[in-house]
Amino acid sequence: MEIKKTSKQYDVIIVGSGAGGGMATKVLSEAGLKVAVVESGPYYDPANPEQMTQLKWAWQSPRRGAGTTRPFGDFDQAYGGWDIEGEPYTQKDDTNFRWFRSRMLGGRTNHWGRISLRFGPNDFKKKSIDGLGEDWPITYDDLKPYYDKVDKLIGVFGTKENLYNEPDGFFLPPPKPRLHELYYIKAAKKADIKVIPSRLSVITKRINNDRGVCFYCNGCARSCNVYADFSSGSCLIFPAQNAGGQIDLYVNSMVRTVETNSEGKATGVSYINKDDGNEYKLNGKVVVLAASACSSARILLNSKSKQHPNGLGNSSDLVGKYLHDSTGGDMMAFLPQLTNRKIYNEDGVGGMHVYSPWWLDNKKLDFPRGYHIEVWGGMGAPTYGTGFNVNHFNKFFGLKAGGYGDVLRSDMKKYYGSTIGFSGRGESVAMKSNYCEIDPNKVDKYGVPVLRFNYKWTDYEIKQAKHMQDTFEEIIHNMGGQPLWNKPGIESNYGLTKPGEIIHEVGTTRMGKNPKESVVDQFERMHDVDNVFVVDAGPFVSQADKNPTWTIMALAWRASDHIVSEFKKQNF
Amino acid sequence: MKRRDSIKTITLGAIGASYLLNGCYGVTQEKIKRSLTRYQYGRTPQEKLYDDKLFNQEFFTDEELTTLNKLCNLILPPNDYGSIEEAEVVQLIEFMAKDIPSYQKPLRDGIDWINEQSELNFNQKFIDISENSQKQIIDKIAYYDPNLDMNDLPDEVQWFNLLRNLTLTGYFTSEVGIKELGYKGNSPNVWDGVPQEVLDDHGLSYDEEWLSKFVDQSKRLDTAKWDEDGNLIS
């Protein structure tokens, strides 16, 4: 295919517009650099009425919001999902890795849970603590100033708790817990489990005049039209544009490779314009990959040249290796004390108002890494599935279920809002043997070779999942609840989610001091190619029992500052 | 349940009345199609195409739709809040049968089954027999032991459970159904905790230590400022 070239020259080409790409766009453009942002999906603005799903009702969808076209339901703001037509990925042996992609401006930040946790001091040196994996080349203190800046720029609610490995930040005040959350607090305390107010990037108090304040519709997964939650478009890219930044957005543009010259340095990227099907090339002095851990690895591995025969920046053979996702385990319970509830508006923000950070010492346990507990439930907006098995909970009262007629109306009201759910989200151990690679036998509909996944959980994660289920059982018992299904056993790895399902995949271009043991340096710059950076979750050395977004942004800001200083020294 | 052929033979004599009844219930493929343009819910162009494709397909015959409408009305009879028709429950079932094709066979087989029962016991199709007779048939399949696995129960019990699920979800996700349920959210408001009387009913309260940490909703529009240690000072 002929590649169409442009004469335009950019200082920096940023591939991807999610958390990392958005942050790079803001910092680099505000420093006066000329930036191209290349996004594989369409333009998206949460305030665009044509695209908006916030405040829609189930009946405004012909399927009442069911998850048949969007995996998390019609109103979820992720264009894409686990399976995208024409863009497959494959599995090696009995691997079942699940890869969620969101193709739109802002990427997955438009629908994410807004759980915004800093990594703690211990999270950067896990090898020193338990001998597994690797330490990061940086410490918490290196990143703390950037976490502080992210807090103030974007806004996150929370409380000062003085917990060593759950560092405090510059918090907005949190909302009060809901009723089921008060039951959780009481039951968890009885089990000696710490509970603290959540830390979510939702604007509970004004932070500036560009962004609205939360009006408690519970719709954060729908992306907020007054920009009261963090999405990369509304909070990073649009403000950067409004500030007069030199930013060209290329949407519906799927990057195939990073282009290099005879010295092996990057000269730009080639991409496929999804609208006309042609391939184009953009020229840039620096390339910043922020396409998501696996997509960036794919681009690098597909960027083979004479100078980089193993893929760009892959002399270590570690691009794609150490892929790891958070662990997950869930349980739900029926709470008899929540039957026939008084109904009031308890939507709150789009997520839990309290949670439990990891509260135990792994030295006293048979698995090395911790997990946090998210809690959910309450009187949510009815959507497809509401009313299914309407009186199944009759079994807890020794009654038959089913029937028909007006009794179903009273059953519906009796059991509405009577459940509570728990999700453990934990740290897995990064393994070299878990990786993505290029499948030699398959290309996507654009002709680009696709990823093949190799992934197996180890005993560390399986034992942790067992601990989650034991903990949920104790909490449910403490609150006088009834679990909704049988406790999962060894045959199902104790309910452990499939790798990828928690959508926290990280580690594919890990950072380090030694170029033989890592792909990028502490500034997320490739060891092998000094004008290519990776600012998504690829550089994570270890995952922590935290959600990755806040750390992606702190690292991306730090990397961007470094890029700016290198430009000032005329090193590009 | 491969009984369609036998039903066809049996029912030839009783066709007239069912056709007359169609008009009464008023749900037809024509009426389902008219709603094409009223769904505005933030679709991408590809998603719009997919919705349109489903709207342009027909799955149930008008007679089947009429039977479904009767069944849904038996499951949830109308009241002062609303009805199956106002909640557009049958339209939803038709749409879901196309959106989730695995629903198609069980839904249709169940309609065949209930017509067969009706023919055997009352010599007429289900929609042509009296409500009392209809209930006599349904009574045999409507109840189940929730301690058993639904998949182990007879097909007709599973079918009726599926239909009950679709009816309940169709009604309680509709405008009239949500109003009846009393759900109060999905609208701009200010959350300031669980109402005191609810806390009292449950014997719960907010921890004194925590109270000062929560958002003071009277100051939510004041711009946040912090001291150097991250203490909020505005």
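Modeller: Start with β16(A) and strand β17 (residues 449–454) of chain A: they pair in the antiparallel sense, over 5 bridges. Y435(A) stands opposite N454(A) in β17(A). Bear in mind that this is a predicted model. The pair belongs to an open sheet of 3 strands in chain A, in the order β4-β17-β16, with mixed pairing. Its edge strands are β4 (90–91) and β16 (435–443) of chain A, and each of them pairs on one side only. A helix covers part of this sheet. Helix α6 (residues 293–302) of chain A lies across β16 and β17 of chain A. Its direction is at about 60 degrees to β16(A).

Now go to strand β13 (residues 371–377) of chain A. This strand is largely enclosed by the rest of the structure, because 6 of its 7 residues are buried. The cut-off for buried is 20 or more other C-beta atoms within 10 Å of the residue's own. β13(A) has an antiparallel partner in strand β15 (residues 419–426) of chain A, joined to it by 7 bridges. There, H372(A) stands opposite R425(A) in β15(A). β13(A) also pairs with strand β12 (residues 354–356) of chain A, again in the antiparallel sense, over 2 bridges. In that pairing, S356(A) faces I373(A) of β13(A).

One strand pairing crosses between chains. Strand β14 (residues 401–402) of chain A runs antiparallel to β1(B), and 2 bridges join them. The bridge partner of G402(A) is Y143(B) in β1(B).

That leads to the interface. Here 66 residues of chain B are in contact with 76 residues of chain A. On the chain B side, the elements that each supply at least two residues include α5 (62–75), β1 (143–144) and α9 (155–172). The largest share, 6 residues, comes from α9(B). By class, this side of chain B has 35 nonpolar, 18 polar and 13 charged residues.

Last, see how α9(B) is held against α5(B). Their axes are 10 Å apart, and the helices pack at an angle of about 75 degrees. Angles of 65 to 115 degrees count as roughly perpendicular, so α5(B) and α9(B) are roughly perpendicular to each other. L71(B), C72(B) and I75(B) in α5(B) meet L163(B), R164(B) and T167(B) in α9(B). The residues of this contact divide into 4 nonpolar, 1 polar and 1 charged.

Technical notes
Residues numbered from 1 in each chain as written. Chains lettered and ligands numbered in written order. Predicted model: local features only at pLDDT ≥ 70, side-chain atom pairs only at ≥ 80, totals over all residues. Buried ≥ 20, exposed ≤ 12 C-beta atoms within 10 Å, placed from the backbone. Helix = DSSP H or I, 4+ residues; strand = E, 2+ residues; numbered from the N terminus. Pairing = 2+ DSSP bridges. Contact = placed C-beta atoms within 7 Å. Nonpolar A, V, L, I, M, F, W, Y, C, P; charged D, E, K, R; others polar. Axes fitted to C-alpha atoms, helices over the stretch in contact; angles between N-to-C directions. Parallel < 35°, antiparallel > 145°, perpendicular 65-115°, else oblique.
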